[in-house]
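User: Could you walk me through this model? I'd like to begin with the overall picture and then go into some details.
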Amino acid sequence: MQTLINRSPLPMPSVSSSFLKTPPPSLSLPKPNKTHFSHLPVSLLKTPRRTRVSCSLIDPDGGKLVSLLVEETQRESKKRQALSLPRIGLTRIDLEWVHVLSEGWANPLKGFMRESEFLQTLHFNSLRVENGAVVNMSVPIVLAVDDEQKGRIGESTRVALVDDGGDPVAILSKLSGGLWDSLTLEACIEIYKHNKEERIARTWGTTAPGLPYVEEAITNAGNWLIGGDLEVIEPIKYNDGLDRFRMSPAELREEFTRRNADAVFAFQLRNPVHNGHALLMTDTRRRLLEMGYKNPVLLLHPLGGYTKADDVPLSWRMKQHEKVLEDGVLDPETTVVSIFPSPMHYAGPTEVQWHAKARINAGANFYIVGRDPAGMSHPVEKRDLYDADHGKKVLSMAPGLERLNILPFKVAAYDKTQGKMAFFDPSRSQDFLFISGTKMRALAKSGEDPPDGFMCPGGWKVLVEYYNSLAPTGNGKVATPVPA
């Protein structure tokens with residue numbers, strides 16, 4: 001079963017403890033549908049100062065949840081201002097980072113990193129804030145510009161960030177001066193050298209060719225980075241039919257409070273859910289109940305930003321996740337399904353810290369971590385890029401994550417004697433069948449069914465439909481998958 005690594009100095013929960021005080025919402029919350037794929041109104045949540053508590057939601061990093069969205073009454077004015085400023089065009093991944101920053105997932109960051117924040121992230125996997133506290137930050141959140149853009153910016157104190165249609169998304173400027181305003185004198189915006197080799201080596205532990213995020217977002221990016229505070233003009237929308245599932249940290253905190261959650265355990269994934277995952281999540285809830293919690297709630301949190309080409313696209317994963325709840329594999333009354341907007345780095349133990357840290361800001365005090373989190377195959381050699389156990393070990397020691405309880409788990413496999421997924425028992429290894437991702441994809445592509453009990457029928461049907469959408473066309477080329 002799982003081993004609980006409880007590094008928090010806080011005692012286990014008392015029944016009556018309550019931590020989060022929800023402010024009166026400006027709009028009433030809609031009643032969730034039966035699968036809880038519901039969208040809540042935007043409302044900035046102000047959390048109380050950190051106190052010693054025994055249960056319920058924990059404070060976000062920095063003590064107060066950041067929102068970088070401008071007030072609705074100021075949006076037209078900000079758009080007009082943006083039209084008069086030097087412009088930087090955003091890539092899709094840049095836009096995803098604006099989304100992440102705007103809602104407070106990277107709390108307490110208030111914009112793209114200045115050089116001091118960038119260096120702390122690369123070398124320490126953490127940031128020291130004004131009051132001397134340390135918060136975890138393991139992946140750089142930066143915006144690259146090229147020589148031409150740098151020249152256009154010149155001495156300007158503000159720049160406009162625009163989407164691929166040229167519409168203003170945000171203004172980058174100096175509002176608070178970043179995390180070190182009272183300690184340093186900083187320019188209104190800061191442009192500094194983009195040392196790509198150092199960034200890649202320290203984030204991935206290798207500079208081998210073929211790293212997906214590197215090829216997508218770094219190799220051909222500009223040789224300069226620009227940092228400053230963000231004013232995001234409007235909530236980021238993708239108009240892909242999934243925006244209603246993208247709940248901000250503030251919205252998630254409201255939902256957990258509405259459900260009277262006294263513990264929130266988060267599960268990050270970028271793959272379809274099989275019954276081994278479900279076993280892990282239901283067993284986690286059972287253990288939390290045994291520990292004395294009365295209403296632990298699962299945050300099933302699929303990653304919704306950039307993923308590599310051979311991952312199942314988000315729209316198909318969301319359709320599959322919904323079937324998992326409809327088929328009763330997970331209890332919809334104790335599960336919240338939402339999309340995490342971050343891009344995927346595939347940076348193993350470095351990146352898993354970011355995944356855990358972001359969930360603190362959404363109110364999670366438990367984080368489930370498995371084998372080789374955020375890992376991938378080595379892009380050149382025939383081996384995994386990272387040690388499969390290092391992710392959970394690093395999380396148990398990472399600076400700035402002391403308040404988060406890490407829940408590592410043993411591997412689940414298909415138990416042939418019981419006809420279902422179960423935790424692997426090495427004393428009878430002959431009874432277990434390991435169905436790898438490669439094997440699962442091969443079965444789905446061929447239209448074959450997996451062993452009964454591996455995945456719920458509705459979820460498996462969605463997976464087969466996805467791979468059928470990739471069937472070769474008449475010219476022999478593999479078709480681009482259509483959205484689910």
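Analyst: Of the contacts (heavy atoms within 4.5 Å) in the protein chain between residues at least 6 apart in sequence, 75% join residues at least 24 apart. This is a predicted model, in which local features need pLDDT of at least 70 and side-chain atom pairs count only at pLDDT 80 or more, while totals for chains, interfaces and linings use all residues. Residues are numbered from 1 along each chain as its sequence is written, and side-chain values use heavy atoms, with hydrogens and water left out.

User: And how much of the protein chain is buried?
Analyst: Buried residues, meaning those under 20% relative accessible area with a 1.4 Å probe and protein chains only, make up 56% of the 484 residues.

User: Switching to Asn361, is that residue buried or exposed?
Analyst: Asn361 has 0% relative accessibility and therefore counts as buried.

User: What does Asn361 contact beyond its neighbours within four places in sequence?
Analyst: Its partners include Pro60, Asp61, Trp105, Pro249 and Arg253. The C-alpha atoms of Asn361 and Pro249 are separated by 6.2 Å, although the two residues are 112 apart along the chain, and the Asn361 side chain reaches the backbone nitrogen of Asp61 at 2.9 Å.

Definitions and conventions. Buried < 20%, exposed > 50% of the residue type's maximum accessible area, 1.4 Å probe, protein only. Polar contact = N/O pair within 3.5 Å; in protein donor to acceptor, adjacent residues only side chain to side chain.
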